[in-house]
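Work through these exercises with the structure open beside you. Try each task before you read its solution.

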Amino acid sequence: MATMITASDVKEFASNLRSWWRNFNEEFDHPVLVFHAGDLTSGDVAAMRHASKNRLWFANVRHVFKNYVKSSALNTNQIAEQRAARMHIFQTLHLFTQPALEGFEWLLWLDHGSYFPGPGTVDVFRKVAASDARFGYVHLSQASVHAAQDMFDVALLYEGSLAGQAEAKAKITDFFKIGGQVENFQVHSTECPVMNIPSFRKG
């Protein structure tokens with residue numbers, strides 16, 4: 001199990017950790033890997049550790065965002081959008097190369113604000129593995145095409161290589177849910193994905 005937080009998320013995350021344990025992880029005791037950008041204090045770490053019986057492991061990935069510059073000119077909404085974009089970039093470009101994941105086969109990614117509304121009695125890792133799948137998720141939502149760095153450009157290049165393959169091109173169009181203007185294109189975004197780490201590293 002893994003997530004990513006900032007210092008401003010600690011109170012909410014600590015509260016949600018209780019539901020992670022009570023409604024799911026008490027049964028399975030999976031470690032919870034918490035990625036952060038080095039802005040957590042010892043008090044923040046203590047508060048999260050004391051919030052539940054989850055085994056928390058912390059991984060500082062500040063180096064990933066070394067070129068990120070904070071701006072006092074940003075409003076609250078812009079800061080939230082910037083943080084969301086940083087997390088998407090981390091997930092798409094850097095997550096599976098992290099040393100903290102060495103030795104693990106499966107990963108359940110949860111947003112820090114995620115919680116389990118009721119008891120979960122199924123070990124999701126075993127269930128996905130038993131179906132011979134490499135990826136599973138709870139449901140799909142929509143995200144801006146720009147949330148995943150360079151995704152749209154790569155997709156256009158791929159589409160250009162599909163000369164004469166109408167069915168494949170149709171799938172690309174459906175994936176991006178084209179709405180007329182490039183900036184309005186949307187991509188499917190999975191919620192609570194379960195991923196096979198070796199498969200994604202190879203990809």
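The chain exposes about 12100 Å², and carbon and sulfur atoms supply 54% of that area. Keep in mind that this is a predicted model.

**Exercise 1. The whole chain**

Task: State how many helices and strands the chain has, and what share of its residues is buried.

Solution. 
- Step 1. Go through the secondary structure. The chain comes to 7 helices and 8 strands.
- Step 2. Turn to burial. A residue counts as buried when its relative accessible area is under 20%. Of the 203 residues in the chain, 37% are buried.
- Step 3. Residues 24 or more positions apart account for 76% of them.

**Exercise 2. The shape of helix α1**

Task: Compare the end-to-end distance of α1 with that of a straight helix, then find where α1 is kinked.

Solution. 
- Step 1. Helix α1 covers residues 10-28, which makes 19 residues.
- Step 2. At 1.5 Å a residue, a straight helix would reach 27 Å. The end C-alpha atoms of α1 are only 24 Å apart. The helix falls short of the straight value.
- Step 3. Now look for a bend. A kink of about 50° is centred on Trp21.

**Exercise 3. What α1 hides**

Task: Name buried residues of α1 and say what covers them.

Solution. 
- Step 1. Pick out the buried residues of α1. Among them are Val10, Phe13, Leu17, Trp20, Trp21, Phe24 and Phe28.
- Step 2. Recall a rule about helices. An α-helix has 3.6 residues a turn, so residues three or four places apart point the same way.
- Step 3. Find the cover. It includes the strands β1 (2-4), β2 (32-36), β3 (56-60) and β4 (106-108). The helices α2 (42-51) and α4 (124-130) are also part of the cover.

**Exercise 4. Salt bridges**

Task: Find the salt bridges in the structure, and say which parts the pair Asp29 and Arg55 ties together.

Solution. 
- Step 1. Search the whole structure. It holds 3 salt bridges.
- Step 2. Take Asp29 and Arg55. Their side chains meet at 3.4 Å, N to O. Asp29 lies in the loop between α1 and β2, and Arg55 in the loop between α2 and β3, so the pair ties together parts that are 26 residues apart in sequence.
- Step 3. Asp29 is partly exposed at 32%, and Arg55 is partly exposed at 36%.
- Step 4. Take Asp123 and Arg126, whose side chains meet at 3.8 Å, N to O. Asp123 counts as buried at 13%, whereas Arg126 counts as exposed at 64%.
- Step 5. Take Asp132 and Arg134. Their closest N and O atoms are 3.8 Å apart. Asp132 is exposed at 60%, and Arg134 is partly exposed at 41%.

**Exercise 5. The surroundings of Trp57**

Task: Say which strand holds Trp57 and which residues Trp57 touches.

Solution. 
- Step 1. Locate the residue. Trp57 lies in strand β3.
- Step 2. Trp57 is partly exposed, with a relative accessible area of 37%.
- Step 3. Leave out residues up to four places away in sequence. Trp57 then touches Pro31, Val32, Leu33, Val34 and Phe104.
- Step 4. Compare sequence with space. Trp57 and Ala100 are 43 residues apart in sequence. Their C-alpha atoms are 8.8 Å apart.

Key: Residues numbered from 1 in each chain as written. Predicted model: local features only at pLDDT ≥ 70, side-chain atom pairs only at ≥ 80, totals over all residues. Heavy atoms only, no water. Helix = DSSP H or I, 4+ residues; strand = E, 2+ residues; numbered from the N terminus. Expected span 1.5 Å × (residues − 1). Bend = angle between axes of the 7 residues up to and from the residue. Buried < 20%, exposed > 50% of the residue type's maximum accessible area, 1.4 Å probe, protein only. Contact = heavy atoms within 4.5 Å. Areas by Shrake-Rupley, 256 points an atom, 1.4 Å probe, with all protein chains shown as cover. Salt bridge = Lys/Arg side-chain N within 4 Å of Asp/Glu carboxyl O.
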